[in-house]
Number of protein chains: 2
Amino acid sequence: MRPGTSPRGTPSMKDVALRAGVSLGTVSNVLNRPELVSEPTRRRVLDTIEVLGFVRNESARQLRGGGSRTLAYVVLDTSNPFFTDVARGVQEAADAAGLALFLCNSGEDAARQAGFLDLLEQQRVEGVLITPVDADEPRIAALARRGTPVVVVDRGAGPDRCSVTVDDVLGGDLAATHLLETSHRRIAFVGGPRAIGQVTDRITGAGQAVARVPGAELTVLETAALNVAEGRRAGERLAGLPAARRPTAAFCANDLLALGLLQQMVRLGLRVPDDLAIVGYDDIEFAEAAAVPLTSVSQPRQLLGRTAAQLLLAEARGPGDHEHQQVVFAPELVVRASTRLLSARTPT
Amino acid sequence: MRPGTSPRGTPSMKDVALRAGVSLGTVSNVLNRPELVSEPTRRRVLDTIEVLGFVRNESARQLRGGGSRTLAYVVLDTSNPFFTDVARGVQEAADAAGLALFLCNSGEDAARQAGFLDLLEQQRVEGVLITPVDADEPRIAALARRGTPVVVVDRGAGPDRCSVTVDDVLGGDLAATHLLETSHRRIAFVGGPRAIGQVTDRITGAGQAVARVPGAELTVLETAALNVAEGRRAGERLAGLPAARRPTAAFCANDLLALGLLQQMVRLGLRVPDDLAIVGYDDIEFAEAAAVPLTSVSQPRQLLGRTAAQLLLAEARGPGDHEHQQVVFAPELVVRASTRLLSARTPT
DNA sequence: CCTCGGAGCTGAAACGAGTCAATCGGGAGG
DNA sequence: CCTCCCGATTGACTCGTTTCAGCTCCGAGG
């Protein structure tokens with residue numbers, strides 16, 4: 001091991017110091033408090049850094065003291081545009097705070113989510129935003145208890161944690177009310193699994209709207225997941241019903257389901273909204289570009305992400321007097337062709 | 001500062017050792033080579049870890065020796081489903097190798113991309129996959145030269161780097177050939193900016209197909225970006241042309257543009273494919289669910305990601321004898337209603 | 001001539017975990 | 001009773017960086 005360079009691997013500050021003919025401390029000063037170092041020395045050190053290709057070792061730096069200046073958002077499913085929009089809001093806030101943001105895709109896999117949480121905690125990230133797979137509360141609670149700030153995004157949380165959600169009961173109510181006002185009486189809710197809190201909330205909201213109208217009924221068509229493929233399968237099931245018993249409108253738990261359902265309807269020769277009106281949820285970009293532009297319940301996605309990140313930062317920065325908040329935003333209904341009122345239709 | 005616990009912050013192995021009445025080395029052995037530790041001691045240490053809520057400090061661990069067991073994929077735009085599909089392939093390969101994957105969204109922002117690359121290098125990740133914003137080659141070359149394995153995804157790279165791409169010239173040729181075979185002669189290419197290599201490749205491919213057919217012509221309608229909004233604007237421009245001069249078919253550089261274009265056509269009362277046939281590119285999930293199911297050039301997205309990750313791992317594992325590879329996949333045309341032959345049209 | 005002060009720089013002590021040669025204890029063998 | 005051996009455990013050292021008390025000059029003030 002000859003002096004001046006390590007035999008292998010990346011050069012360290014020590015190598016830089018040796019080669020520039022200064023002490024370790026001076027190299028550190030050049031990097032962290034350049035005003036303390038004289039111009040010629042600073043120049044020499046910087047040149048040496050350039051020549052050697054020295055790159056700070058973040059592990060050592062973090063070990064010694066500084067935080068990680070890193071946030072992570074554990075996303076439920078990056079293939080879902082809803083979450084990427086939320087992520088954009090998060091990124092915006094992280095940028096503003098000068099923090100880097102890592103996206104972790106749990107892909108609805110509890111084991112992978114757990115793996116990410118372990119790793120992030122071991123890496124001592126400044127904070128974690130998460131849309132959890134299931135209510136693996138214990139895991140998240142443990143993380144928070146040990147000192148990592150956590151904000152739950154798009155899922156409810158108890159009073160001992162920050163969360164940012166959209167009022168799903170209200171959203172369900174809005175959707176169902178709209179269908180009832182366009183004279184539908186047999187309405188199907190398409191979505192699942194019921195273990196997802198939002199799904200049940202939207203059912204609840206739709207249920208309360210339907211309960212206000214005598215003679216109206218809501219049937220639930222449970223799906224195994226909230227994606228396009230499941231929407232298609234739901235479409236098959238609906239199309240298989242005799243027309244007299246078939247619902248005249250479907251309220252889907254998200255736009256992916258709605259798009260799949262819509263697609264299957266078209267495929268099977270049923271018309272939307274004539275044979276089946278459809279309301280989606282999330283109002284993703286593609287909802288408007290669909291075969292029949294989709295009526296959908298819109299959520300303030302970027303705002304959701306931005307707010308969540310701000311809460312996280314507030315918690316991370318002022319750890320002492322932090323008050324956990326559960327922020328709830330209100331969704332809005334966006335009406336498009338998939339529920340257009342048919343003049344010919346008469347209530348059953 | 002009472003013994004057994006640090007005054008603040010997370011407990012360390014030393015705290016565990018003290019409280020369990022063993023030495024530091026034993027705690028380390030319990031965690032890393034449990035077979036060396038007697039049953040009762042191991043149990044006692046594990047209990048103490050549980051009680052204290054000890055969590056390994058990954059920084060210290062990495063500093064001492066072990067790698068980071070982490071990969072990162074710097075994505076151009078997580079809002080584009082194409083990339084999330086690629087990311088899924090990457091995740092798959094990372095999982096198989098027991099590595100964690102962080103997604104970094106550059107959002108087409110060169111500064112953010114640079115920030116991520118800096119951070120990742122400082123964190124000594126095992127390797128970086130990247131779909132770069134522009135040809136910021138110097139930055140990436142520097143990263144690679146200093147020892148971080150890099151694989152470029154969905155963009156070409158020189159011989160001194162691994163890359164995984166899809167043959168865009170071929171894709172352009174496939175698309176244009178299909179339009180020519182369905183008797184179109186005035187074809188528009190919609191896409192841009194031209195600085196993007198893939199855009200020019202697809203133009204080249206389309207151009208060579210058109211050149212093979214006497215009397216056929218290709219006009220290029222350049223856009224500022226590859227998203228839905230730009231597609232709509234292109235639609236306005238096309239619709240504004242007198243019907244006699246208007247192209248009868250459009251080949252879009254990606255599906256987002258195509259969906260926007262399609263949407264604008266429908267809005268302006270033009271029919272697809274009657275007034276304008278449309279071919280997209282990428283065959284994202286929503287292409288099939290569009291107003292008129294979209295003919296599109298399909299790329300093996302997950303395979304792309306998986307292969308890229310495997311190349312990266314090969315480079316990271318066997319650093320000595322690594323041969324850089326430039327893998328090129330072939331795209332496939334998926335024909336749907338947006339280019340259906342008018343004569344073959346089935347009555348509704 | 002001595003002292004003081006400050007700019008510039010130094011060097012050692014952390015930070016937390018992994019490693020490994022050295023040590024301890026106790027049972028078997030002589 | 002003494003050795004030897006072996007499994008279990010120890011603790012000093014290391015990784016790369018930050019920090020900080022302290023050192024050395026050197027010029028100004030007394």
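Reader: Thanks! How do H10(A) and H11(A) cross?

Author: This is a predicted model, where local features need pLDDT of at least 70, side-chain atom pairs count only at pLDDT 80 or more, and totals for chains, interfaces and linings use all residues. Residues are numbered from 1 along each chain as its sequence is written, with chains lettered from A and ligands numbered from 1 in the order in which they are written. The axes of helix H10 (residues 228-240) and helix H11 of chain A come within 6 Å and cross at roughly 45 degrees. That makes H10(A) oblique to H11(A), since angles under 35 degrees count as roughly parallel, over 145 as roughly antiparallel, 65 to 115 as roughly perpendicular and the rest as oblique. Axes here are lines fitted to C-alpha atoms, for helices over the stretch in contact, and angles run from 0 to 180 degrees between N-to-C directions. Helices (H or I, at least four residues) and strands (E, at least two) are DSSP runs numbered from the N terminus.

Reader: Is that crossing left-handed or right-handed?

Author: The crossing of H10(A) and H11(A) is right-handed, meaning that the near helix is turned clockwise from the far one by less than a right angle.

Reader: And which residues meet there?

Author: On the H10(A) side they include Val228(A), Ala229(A) and Gly235(A), and on the H11(A) side Leu256(A), Leu259(A) and Met265(A) are among them. Contact is counted when C-beta atoms, placed from the backbone, lie within 7 Å. By class, this contact has ten nonpolar, five polar and three charged residues. Ala, Val, Leu, Ile, Met, Phe, Trp, Tyr, Cys and Pro count as nonpolar, Asp, Glu, Lys and Arg as charged, and the others, Gly among them, as polar.

Reader: Nice. What's the strand order in the chain A sheet?

Author: It is an open sheet of six strands, ordered E7-E6-E8-E9-E10-E12, with mixed pairing; two strands pair if DSSP finds at least two bridges between them. E7 (217-222) and E12 (332-334) of chain A each have a single partner strand, so one side of each is left without a neighbour in the sheet. On average, neighbouring strands are turned by 20 degrees against each other, direction ignored.

Reader: What packs on it?

Author: H11(A), residues 255-267, touches E6, E8, E9 and E10 of chain A, and its direction makes about 150 degrees with that of E9(A).

Reader: Which way do E6 and E8 of chain A run, parallel or antiparallel?

Author: They run parallel, joined by four bridges. Phe189(A) has Phe251(A) as its bridge partner in E8(A).

Reader: Last one: how many residues of chain B are in contact with chain A?

Author: 42 residues of chain B are in contact with 42 of chain A. The chain B side divides into 18 nonpolar, 16 polar and eight charged residues.

How values were computed
Contact = placed C-beta atoms within 7 Å.
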